[in-house]
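Please examine the following model, beginning with the contact between its chains and then turning to local strand arrangements.

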Amino acid sequence: MNPTTSLTIPGLEQVYDALATAIDQAGPEKTELLLVKLALLQAQALGDAARFQQQLEAALLDL
Amino acid sequence: MHTPHAEPRRSIYYTYRVFDAWLPSMHPDAQSRQAPVVVVGAGPIGLVAALELAQQGVRCVLLESERQVSEGSRAIVFTRRSMEILQQVGVADRISQNGLPWRFGNSMYKGQRVFRMEAPHDPDDRFFPMINLQQQYLEEYLADAAMAHPLIDVRWGNRVADVQQTEHGAQLTVDTPEGPYSLAADWVVAADGARSGIRSLLGLKLEGNSYEGRFVIADIRIDLPLPTERLAFFDPDWNPGNTVLMHREPHGIWRIDYQLPADETPEQALAPESLKSRIDAQLALIGHPGLPWEMDWCSVYSARALTLPDYVHGRVLFTGDAAHMLPIFGVRGANTGWQDAQALSWRLALVAQGVASPALLASYSQERVGAAREIIDEAGKSTRFMTPPTRGFRLLRDAVLSLSLTQPFVGPLYHWRTSRPHEYTHSTLNATGDDNLLFKSGPANGAPPQNVRLGPDDFLLDHLGHHIHLLWFGGHANAVPADIQAEVARARAAGLPVRVVAVGFAAQQASPNCGMNGFAVGGANGGVEAGASPAVAGADLVLPDANGQMRQRYGVPAHGAAYLLRPDQHVCARWMSLDGHRLAAALRAFTPLPTHSSQTA
């Protein structure tokens with residue numbers, strides 16, 4: 001039902017670099033805070049608690 | 001020998017009155033009389049329970065171990081529903097005159113207001129969403145009313161030392177400054193607070209979480225130029241990771257609550273230098289550094305979420321903090337307790353008077369244990385933001401704090417749910433064969449009533465005392481139908497205090513279409529009491545509802561509809577079209593058949 005959009009390979013690479021750079025910029029003490037803020041912003045942009053739950057479960061795999 | 005404090009408690013704004021202890025030697029006749037009801041504890045809940053019982057004709061003895069009202073301001077925020085309950089027992093005016101009403105709350109982080117709570121104030125409501133007043137005043141008003149009531153025997157300085165259940169009642173041993181005496185009761189209402197002695201004597205255990213963070217609670221006198229609004233400060237520099245709350249009270253007093261670091265003891269927290277440095281730091285945070293202040297009272301409390309699984313134990317009935325301990329965020333202590341007292345007292349009155357079997361009390365426990373569990377669940381959502389229980393919850397809370405400075409979408413997470421009246425949606429008292437589901441609006445079965453403004457300083461609930469009320473929307477009819485009148489008469493003959501309110505009546509002598517119709521409306525009173533002018537045969541009270549506001553708020557589309565309200569004003573039946581049979585069916589719920597385990601009174 002929800003439109004599934006996917007990143008282009010250059011787009012994915014861009015996200016990859018941006019996230020790594022932001023984590024380095026925040027530093028080890030603030031990394032978790034940064035990532036949780038980001039997750040909340042993404043959840044709000046997604047606008048779908050059920051899909052967020054699916055993504056959370058995917059992220060919990062193979063930790 | 002029980003020796004309560006004889007010296008008045010100290011306060012910089014409240015003058016304590018010490019009452020004479022009630023001594024058995026001074027009342028030689030009292031011991032031989034079995035009391036229909038003994039209420040244990042003259043706190044806010046016990047006082048309301050005793051007043052409600054007495055106003056419904058039940059004689060009661062009210063035992064209070066102390067000889068004066070409570071120490072410190074304690075419960076200071078009272079909700080609209082509480083005021084409606086307090087109006088029923090006759091003290092709402094005094095509270096309104098002396099309290100500070102409010103409806104806005106502010107959540108602050110890093111000097112910025114990140115969320116503003118605005119509680120709605122409907123023109124049909126008499127009372128504000130919240131009003132602040134120190135508990136001593138509230139207890140004083142209630143105690144004045146109790147001591148003035150001929151059916152209430154207030155006994156200061158009387159402590160319950162033992163309770164034994166008997167087949168038809170309970171036997172209490174009551175300790176006094178001259179030693180113990182014996183007191184027999186048909187029923188005992190335990191309203192003796194969070195450390196309930198009755199609960200301990202019966203060996204009952206509360207269920208749930210016993211610890212969710214500690215707070216210092218301090219009352220200071222200070223001249224702060226701030227309005228009456230709730231202030232919550234998250235993660236302030238002087239108390240990192242924790243929360244600070246501020247409330248304005250009458251008489252220039254401010255309440256400051258602050259959370260303690262997990263490793264700090266209450267003794268450390270209450271050391272004068274610790275209090276001073278923290279209060280000074282909070283004053284600096286709000287932009288008033290160095291402002292002089294004086295301490296009135298301080299204490300430490302733990303946020304807890306516990307309830308007894310059943311509030312009825314033989315002849316002993318639990319209410320208020322004796323029955324449950326609730327997290328105080330969201331003003332859930334006294335405000336919940338009064339709903340308990342109100343839900344209990346009308347049932348106990350019917351049982352004590354032999355109108356209903358004790359089986360009626362089971363629905364008290366079902367409704368109020370359900371309410372406590374719902375409150376614990378809701379409060380948990382506030383608590384996990386205010387005092388995060390795990391590392392994960394703390395991370396999320398910190399992320400929300402950080403985001404809230406630029407992202408308004410997280411603001412509502414700051415809104416901790418405040419006490420609201422429980423809806424008894426699944427009550428066994430709710431009618432099953434009525435038209436509840438056909439109504440598109442108005443209070444549903446189990447819900448508290450919807451107040452309606454009838455005129456200047458005149459509201460629907462002003463007229464609804466401790467009766468079972470039938471609100472009959474009869475249009476222009478000048479008589480309640482005979483079959484309904486017959487059922488009302490039958491119920492009254494069986495002892496049920498049924499009162500009929502005819503709504504939407506236009507007098508014969510006036511045109512129904514001329515707006516405010518022509519029949520006698522007495523002064524500021526939009527209703528016409530029977531006896532003065534019984535304009536509708538079979539109605540005890542007539543509410544003209546000239547502008548149709550009551551019909552609208554109760555979702556009544558056509559004449560002939562009706563609502564049935566319990567003595568605690570909650571709806572228990574509503575019909576698009578009422579007849580005698582349907583009314584009789586709904587009224588039967590008030591007199592359930594005795595169960596095997598219960599005795600008739």
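The contact takes six residues from chain A and eight from chain B, where two residues are in contact if their C-beta atoms, placed from the backbone, lie within 7 Å. On the side of chain A that touches chain B, three residues are nonpolar, one is polar and two are charged; Ala, Val, Leu, Ile, Met, Phe, Trp, Tyr, Cys and Pro count as nonpolar, Asp, Glu, Lys and Arg as charged, and the others, Gly among them, as polar. This is a predicted model, in which local features need pLDDT of at least 70 and side-chain atom pairs count only at pLDDT 80 or more, whereas totals for chains, interfaces and linings use all residues. Residues are numbered from 1 along each chain as its sequence is written, and chains are lettered from A and ligands numbered from 1 in the order in which they are written.

Two packed helices are described by the angle between their axes and the distance between the axes. Helix α2 (residues 31-46) of chain A and helix α10 (residues 391-404) of chain B have axes that come within 9 Å and cross at roughly 70°. Helices (H or I, at least four residues) and strands (E, at least two) are DSSP runs, numbered from the N terminus. Axes are lines fitted to C-alpha atoms, for helices over the stretch in contact, and angles run from 0 to 180 degrees between N-to-C directions. α2(A) and α10(B) are therefore roughly perpendicular to each other, the class for angles of 65 to 115 degrees (under 35 is roughly parallel, over 145 roughly antiparallel, the rest oblique). From α2(A), A:Glu32, A:Leu33, A:Val36, A:Lys37 and A:Leu40 meet B:Leu395, B:Leu396, B:Asp398, B:Ala399, B:Ser402 and B:Leu403 of α10(B). This helix contact has seven nonpolar, one polar and three charged residues.

Within chain B, three strands form an open antiparallel sheet in the order β3-β7-β4; two strands pair if DSSP finds at least two bridges between them. β3 (77-79) and β4 (100-102) of chain B are the edge strands, each pairing on one side only. Three bridges join β4(B) to β7 (residues 130-132) of chain B, and B:Leu100 stands opposite B:Asn132 in β7(B). Helix α2 (residues 80-88) of chain B packs on the sheet, touching β3 and β7 of chain B, with its direction at about 80° to that of β3(B).

Elsewhere in chain B, β28(B) and β29(B) form a hairpin with five residues between them, and B:Gln569 in the turn has a positive phi of about 75°. Four bridges join these antiparallel strands, with B:Ala562 partnered by B:Trp575 in β29(B). Strand β29 (residues 571-575) of chain B is mostly covered, five of its five residues being buried (20 or more other C-beta atoms within 10 Å of a residue's own, with C-beta atoms placed from the backbone; 12 or fewer is exposed, in between partly exposed).
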